[in-house]
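Work through the exercises below with the sequence and the coordinates at hand. Each task is followed by a worked solution.

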Amino acid sequence: MNLIDQGRRKWLSLGGIVLGASLLPTNVLAKLATPKPLTLRLYNANTGERLVTNFHNGSKFVSSELSKLNHIMRDRRNNQVRRIDPNLFMRLYQVQRRLGLKNPEITLLSGYRSAQSNASLRRNHRGVASNSYHIRGQAMDFRIASVSTAKIRNAALSLSNGGVGYYPRSNFVHIDTGPDRSWRGV
């Protein structure tokens, strides 16, 4: 008798779950079942290139799309392409979501830099780190039209992961996938 009661309880529980799920609107069920692709829209201010990419399918990174992102993030001075840390793109996606934006065009000012390009910039500009995360393919400088750099910085800081540089006079924000830290530049 006890085994029959346990079996009956399991079937009744399963029936309740099925009944409850059937009462949910179909669009809610679809959202629960289907992973959403993560999209970025980039404009490279130095090359004029644009890219719209679903770099993540909702459960994993898409390698063919990461290759396109690596290309648009290349060192514009010598056309060198390097593998960019995919977590940088995830971080950028999270920043746009924190801002409440859905696929805004993000203006890329600087992505990967070869060691030679970084050294040249360092000689000619203040504030360029000798061991920059740009050299490692772990950093980018960007802005989003119609969003203040202060708001972008605050959204990036709220993630509490990686570096955030704020350059209000130069009108850009730096993010990287290094240790959690922040600074203010010019």
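**Exercise 1: A serine in a helix**

Ser117 counts as buried because its relative accessibility is 5%, and the cut-off for buried is under 20%. The model is a predicted one.

Task: Find which helix holds Ser117 and which residues Ser117 touches beyond four places in sequence.

Solution.
- Step 1. Ser117 belongs to helix H5, which covers residues 115-124.
- Step 2. With residues up to four places away left out, the contacts of Ser117 are Asp75, Arg77 and Asn78.

**Exercise 2: The chain as a whole**

Task: State how many helices and strands the protein chain has, and in what pattern they follow along the sequence.

Solution.
- Step 1. The protein chain contains six helices and seven strands.
- Step 2. Their order along the sequence is α-α-β-β-α-α-β-α-β-α-β-β-β.
- Step 3. Of the 186 residues in the protein chain, 37% are buried.
- Step 4. Take the contacts between residues at least 6 apart in sequence: 53% of them join residues at least 24 apart.
- Step 5. The protein chain has an accessible surface of about 11000 Å², and carbon and sulfur atoms account for 52% of that surface.

**Exercise 3: The largest nonpolar core**

Task: Identify which residues touch the most other members of the largest nonpolar core, and which helix gives the most to this core.

Solution.
- Step 1. The largest nonpolar core has 30 residues, and those touching the most other members are Met73, Phe89, Leu92, Met140, Phe142 and Ile175.
- Step 2. Elements that each supply at least two residues of this core include strand E1 (38-44), helix H3 (63-72), helix H4 (86-98) and strand E6 (172-176).
- Step 3. H4 gives the most, with six residues.
- Step 4. Apart from residues up to four places away in sequence, Met73 touches Ile84, Leu88, Phe89, Leu108, Gly111, Tyr112, Ala139 and Met140.

**Exercise 4: Helix H4**

Task: Describe the span of H4, its buried residues and what is found at its start.

Solution.
- Step 1. From first C-alpha to last, the 13 residues of H4 reach 19 Å, close to the 18 Å expected at 1.5 Å a residue.
- Step 2. The buried residues in H4 are Pro86, Leu88, Phe89, Met90, Arg91, Leu92, Tyr93, Val95 and Gln96.
- Step 3. At the start of H4, the backbone nitrogen of Asn87 has a side-chain oxygen of Asp85 within 2.9 Å.
- Step 4. Gly100 follows H4 and has a positive phi, near 75 degrees.

**Exercise 5: Strand E5**

Task: Explain why strand E5 (residues 163-167) is described as largely enclosed, and name the strands that pair with E5.

Solution.
- Step 1. Five of the five residues of E5 are buried, so the rest of the structure largely encloses this strand.
- Step 2. Both faces are covered, with Gly163, Gly165 and Tyr167 buried on one side and Val164 and Tyr166 buried on the other.
- Step 3. E5 pairs with strand E7 (residues 181-184) in the parallel sense, over four bridges; Gly163 has Arg181 as its bridge partner in E7.
- Step 4. E5 and E6 run antiparallel and are joined by four bridges, with Val164 opposite Ile175.
- Step 5. E5 and E6 form a hairpin with four residues between them, and Asn171 in the turn has a positive phi of about 65 degrees.

**Exercise 6: A loop lysine**

Task: Decide whether Lys36 is buried or exposed, and list its contacts beyond four places in sequence.

Solution.
- Step 1. Lys36 sits in the loop between helix H2 (26-33) and E1.
- Step 2. Its relative accessible area is 60%, so Lys36 is exposed, the cut-off being over 50%.
- Step 3. Beyond neighbours within four places in sequence, Lys36 contacts Asn57 and Gly58.

How values were computed
Residues are numbered from 1 along each chain as its sequence is written. This is a predicted model: local features need pLDDT of at least 70, side-chain atom pairs count only at pLDDT 80 or more; totals for chains, interfaces and linings use all residues. Side-chain values use heavy atoms; hydrogens and water are left out. Buried means under 20% relative accessible area, exposed over 50%, partly exposed in between (1.4 Å probe, protein chains only). Contact means heavy atoms within 4.5 Å. Accessible areas come from the Shrake-Rupley method with a 1.4 Å probe; for residues, only the protein chains shown count as cover. A nonpolar core is a set of buried Ala, Val, Leu, Ile, Met, Phe, Trp, Tyr and Cys residues joined through side-chain atoms within 4.5 Å. The expected span of a helix is 1.5 Å times one less than its number of residues. A polar contact is a pair of N or O atoms within 3.5 Å; within protein, one must be able to donate a hydrogen and the other to accept it, and residues adjacent in sequence count only if both atoms are side-chain atoms. Two strands pair if DSSP finds at least two bridges between them.
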